[in-house]
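Morning, everyone. Please have a look at the model on the screen. I'll walk through a few local features.

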Amino acid sequence: MIVRHLSEAEKGERKVEAENWNSVRLLLKEDNMGFSFHITTIYAGTETPIWYQNHLESVYCISGEGEVETCDDGKVYPITPGMIYILDKHDKHILRAKTEMKMACVFNPPLNGKEVHDENGVYPLEAASVAE
Ligand code: 9YT
């Protein structure tokens, strides 16, 4: 069994910083679980375009408030604690945080831990192999 704690993980390399968010990657590809699990903090007042063309992601809101808009149909879904959105179609979307939001995120395939979004809001699959 593997045991980790957020308060320890966020002190080291598991914490990745981007302009609008940071993410503590508690479970990664190297753990061989077939998915990765992250606690992501989205900064208040930010708007982030995201399109995971190579990954499926589920995002559960632990705290904070915001909204997510799916680009294909312009639908806007409020985000509140307890809400989960599941990007089962590699949905292109825009994530807006009204307050700081804490999210639990699961990725399939798993991230290797180094990824930050490229200019299209994408994690290239190649990033995984480069870091291996
Ligand atoms: C909700 C979301 O996708 N935020 C971007 C960061 C991502 N969750 C990650 O890399 O952990």
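Start with the nonpolar patch: β5 (56-63) and β8 (84-87) each supply at least two of its residues. Strands here are DSSP runs (E, at least two residues), and helices are runs of H or I with at least four, numbered from the N terminus. The patch consists of Tyr60, Ile62, Ile84 and Ile86, with about 370 Å² of accessible area together. Patch residues have over 30% relative accessible area and no salt bridge; nonpolar side chains (Val, Leu, Ile, Met, Phe, Trp, Tyr) are joined within 5 Å, like charges within 9 Å. A salt bridge puts a side-chain nitrogen of Lys or Arg within 4 Å of a carboxyl oxygen of Asp or Glu. Areas are Shrake-Rupley, 1.4 Å probe, with only the protein chains shown as cover.

This is a predicted model: local features need pLDDT of at least 70, side-chain atom pairs 80 or more, while totals for chains, interfaces and linings use all residues. Numbering runs from 1 along each chain as its sequence is written, and side-chain values use heavy atoms, without hydrogens or water.

Ile62 sits in β5. Its relative accessible area is 43%, so Ile62 is partly exposed (buried is under 20%, exposed over 50%, partly exposed in between).

Now the backbone. Asn32 is not a glycine, yet its phi is positive, about 60°. Asn32 lies in the loop between β2 (21-27) and β3 (36-42). At 68% relative accessible area, Asn32 is exposed.

His90 also has a positive phi, near 55°. Its loop joins β8 and β9.

Last, the peptide bond from Asn108 to Pro109 is cis, omega near -5°. Pro109 lies in the loop between β10 (101-108) and α2 (125-130).

Definitions and conventions
Buried means under 20% relative accessible area, exposed over 50%, partly exposed in between (1.4 Å probe, protein chains only).
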